[in-house]
Amino acid sequence: MNIYEHTYILSQNLSSKDLKDTRTKIENIIEKYHGKIEKVEDWGLRNLAYPIKKFKKGYYSNIFFSGTGTAVFELEKFEKIDENVLRFLTFKVKEVPKENSELCLKDENK
Amino acid sequence: MIRKNFKKTKKKINSNLMLFQKPGMKFKRECPLSEKNAPVINYKNTKLLQKYISETGKMLPSRITSVSYSKQKELSSEIKKARILALLSFAND
């Protein structure tokens with residue numbers, strides 16, 4: 001079992017309901033392939049440094065999960081096909097950080 | 001005569017490198033990222049990464065910033081991650 005960090009960008013045009021749906025879909029895929037979600041962060045709507053698919057803004061979110069390589073493979077397979085996912089990146093981490101990152105939204109605790 | 005000339009050229013190089021150091025300080029040769037309580041290099045910490053990037057968006061060489069070899073390797077991998085996720089740009093005009 002490894003610990004992975006996964007960040008992805010969703011397109012700006014999505015409604016708040018569609019946003020939740022795609023996020024739960026992604027989390028369900030991880031759990032389906034015996035992964036365990038350790039931490040979820042929402043970075044909110046941010047400006048992109050350069051336009052991707054003609055979008056200038058995107059919804060960022062970040063997941064830490066422990067699992068095997070098959071979970072990562074199925075996740076990326078889903079995200080390549082889905083049009084609403086602009087970018088994604090996964091890599092191995094040694095530990096899950098306890099504190100939230102600087103990019104995380106501060107109003108999340110409300 | 002040869003010795004004098006050699007000294008002059010060495011000073012010139014130092015003054016050029018001092019552009020990237022804090023003003024009013026002596027020229028520092030130590031790595032700023034391997035000190036005690038040094039900031040952690042991470043792709044989320046874009047404020048730190050932007051110090052080691054030129055105006056056009058290229059990475060600065062370690063001979064200018066005096067970052068150690070191992071830390072420069074970490075920096076370059078984190079900058080590349082940030083570029084893929086559109087936190088930093090590949091090139092600015």
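This passage describes a sheet and a helix of chain A, the contact between chains A and B, and one arginine of chain B. The model is predicted; local features need pLDDT of at least 70, side-chain atom pairs count only at pLDDT 80 or more, and totals for chains, interfaces and linings use all residues. Residues are numbered from 1 along each chain as its sequence is written, while chains are lettered from A and ligands numbered from 1 in the order in which they are written.

Four strands of chain A form an open sheet in the order β2-β3-β1-β4, with antiparallel pairing. Strands (E, at least two residues) and helices (H or I, at least four) are DSSP runs, numbered from the N terminus. Two strands pair if DSSP finds at least two bridges between them. β2 (36-52) and β4 of chain A stand at the edges, each with a single partner strand, so one side of each is left without a neighbour in the sheet. From one strand to the next, the twist averages 20°. Eleven bridges join β2(A) and β3(A) in the antiparallel sense. Arg46(A) has Gly58(A), in β3(A), as its bridge partner.

α2(A) packs on this sheet and touches β1, β3 and β4 of chain A. Its direction makes about 165° with that of β4(A). Axes are lines fitted to C-alpha atoms, for helices over the stretch in contact, and angles run from 0 to 180 degrees between N-to-C directions. Residues are in contact if their C-beta atoms, placed from the backbone, lie within 7 Å.

Helix α2 of chain A covers residues 69-81, 13 residues in all. Its first and last C-alpha atoms are 19 Å apart, close to the 18 Å expected. The expected span is 1.5 Å times one less than the number of residues. Ala71(A), Val72(A) and Leu75(A) are buried in α2(A); buried means 20 or more other C-beta atoms within 10 Å of a residue's own, exposed 12 or fewer, and partly exposed in between, with C-beta atoms placed from the backbone. The buried residues fall within an arc of 95° down the axis of α2(A), so they line one face of the helix. The arc is that of the directions from the helix axis to the C-beta atoms. Their cover includes α1 (16-32) and β3 (55-67) of chain A. On the other side of α2(A), the exposed residues include Phe73(A), Lys77(A) and Ile81(A).

The contact between the chains takes eleven residues from chain A and ten residues from chain B. Arg63(B) lies in helix α3 (residues 62-65) of chain B. Arg63(B) counts as exposed, with 9 C-beta neighbours inside 10 Å. Arg29(B) is 34 residues from Arg63(B) in sequence, and their C-alpha atoms are 9.6 Å apart.

Conventions
Contact = placed C-beta atoms within 7 Å.
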